[in-house]
Amino acid sequence: MIEDDRPVVLPVAIILCADWRKDDMETPVEAYGSVAFPGVLSTPPDLPQLILQKAMLDATPDCIKMISACGRLLMMNKAGCLALGVAEDSGFGMPWIPLLPEDVHQSGLAALGRAANGENARFHGKSESAEGTKYWDNLLTPVMDSSGGVQFILCVSRDVTEKTILEWELEGAINREKLLSKEMRHRVKNLFSVVSGLIVIAEKEAAAEDAPEDATCILREKLEALSRATDAAFVDNKSMADTDTGLIGVQSLVNSVLRPYGSRCAVVGGDALLRSVMMTTLTLFLHELATNSVKYGALGSDSGQVTVRCAAENASLDLTWLEVGGPKISTSPKSEGFGSEMIDRIVRSAGGTINRTWHSEGLVVDLCLPSAIQLQHLNS
């Protein structure tokens, strides 16, 4: 970063030695300035010297621009012309800011205004060409005349595309780690809620007069079913995703996920073969709804029931989750929890949609997955 924001008065001698290893561009700016502004020399350069100066500026990959205080482009080296799509023989004189992508105009104008007032300024910009988008670190340095006014503005732009992309990738990796950690905490918390709910359900089933097993055996069976459903949610389908050789019926998958809750969950409607790449999405969707139902809805109530309606048409799967018999709902929640937000994000990434409606009798959730079905079969 620039440590001294005072205007730089460029030296008369041409600086040929610059420490290009430094991140700070002050030294290169002085070198470019001495070459770019022969008018500040006490003796005007001759033609061979001008040719040499132009060759020096064109040899650098940095974009070197001479800009008037009002923002007009007076001179630019070869790299700058290529980056901004300006012909080298254009004669220049055009406004500089309109040559930049529109989304960096504001920061460019702010930096130009500071430089026109005699201050060093810096902003991050970009350029777009047939080769793609490049990102630039732009340093604007005012060149002062003898009276202390701004004679020109020297703008040196350095390609920082690789660095920018690496920073984005690092930020993305950090955000993914944070999301994974948050999801892990959410899953562990939900696990305790689910197990607690299953204990209550198992005790009630065992208390029935015709119960063939005690509460411990019933609970063990439910936990094993829950384990199988969790395995299905996190199975590695990558090898099957390209060929869709691994298929499962929609109703079979729904029943597998909801088996721990016994007869309190019913699956109705048409059946179809689900594409393997959609299995994880549908399993997580059902598991999250069942978990929330145990904590807040029908599955946490003695008389609560859940019905899942399935309908398949062409490649589209429409699934409706209906809860009844749970606590009365007076109003919809003001905000969604992390689990719901995560499921929404997963469904959207699969091209699907989710709509939730909180009726007084219970929650209704409509799921649509447009490309979920491999083959319709059985009852319709």
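Mentor: Let us begin with pairing, where two strands pair if DSSP finds at least two bridges between them. Strands, like helices, are DSSP runs numbered from the N terminus (E, at least two residues, for strands; H or I, at least four, for helices).

Trainee: How many bridges link strand 11 and strand 12?

Mentor: Strand 11 (residues 353-358) pairs with strand 12 in the antiparallel sense over 6 bridges. Trp358 stands opposite Leu363 in strand 12. The two strands form a hairpin with 4 residues between them, and Gly362 in the turn has a positive phi of about 160°.

Trainee: Before we continue, on what basis are such features reported?

Mentor: This is a predicted model, in which local features need pLDDT of at least 70 and side-chain atom pairs count only at pLDDT 80 or more, whereas totals for chains, interfaces and linings use all residues. Residues are numbered from 1 along each chain as its sequence is written, and side-chain values use heavy atoms, leaving out hydrogens and water.

Trainee: Which residues have pLDDT under 50?

Mentor: pLDDT is the predictor's confidence in each residue, from 0 to 100. It stays under 50 over residues 1-23, for which the model has 53 contacts beyond four places in sequence; contact means heavy atoms within 4.5 Å. Over residues 37-43 the pLDDT is also below 50. Where pLDDT is low, the predicted coordinates should not be read in detail. For the protein chain, the mean pLDDT is 76, and 72% of residues reach 70 or more.

Trainee: Is strand 12 largely enclosed or open?

Mentor: Buried means under 20% relative accessible area, exposed over 50%, and partly exposed in between (1.4 Å probe, protein chains only). Strand 12 (residues 363-369) is largely enclosed by the rest of the structure, because 5 of its 7 residues are buried. Helix 8 (residues 250-258) is mostly covered, with 7 of its 9 residues buried.

Trainee: Is Lys126 buried or exposed?

Mentor: Lys126, in strand 3 (residues 121-129), counts as buried because its relative accessibility is 17%. Its side chain makes a polar contact with that of Asp103 at 2.8 Å. A polar contact is a pair of N or O atoms within 3.5 Å; within protein, one must be able to donate a hydrogen and the other to accept it, and residues adjacent in sequence count only if both atoms are side-chain atoms.
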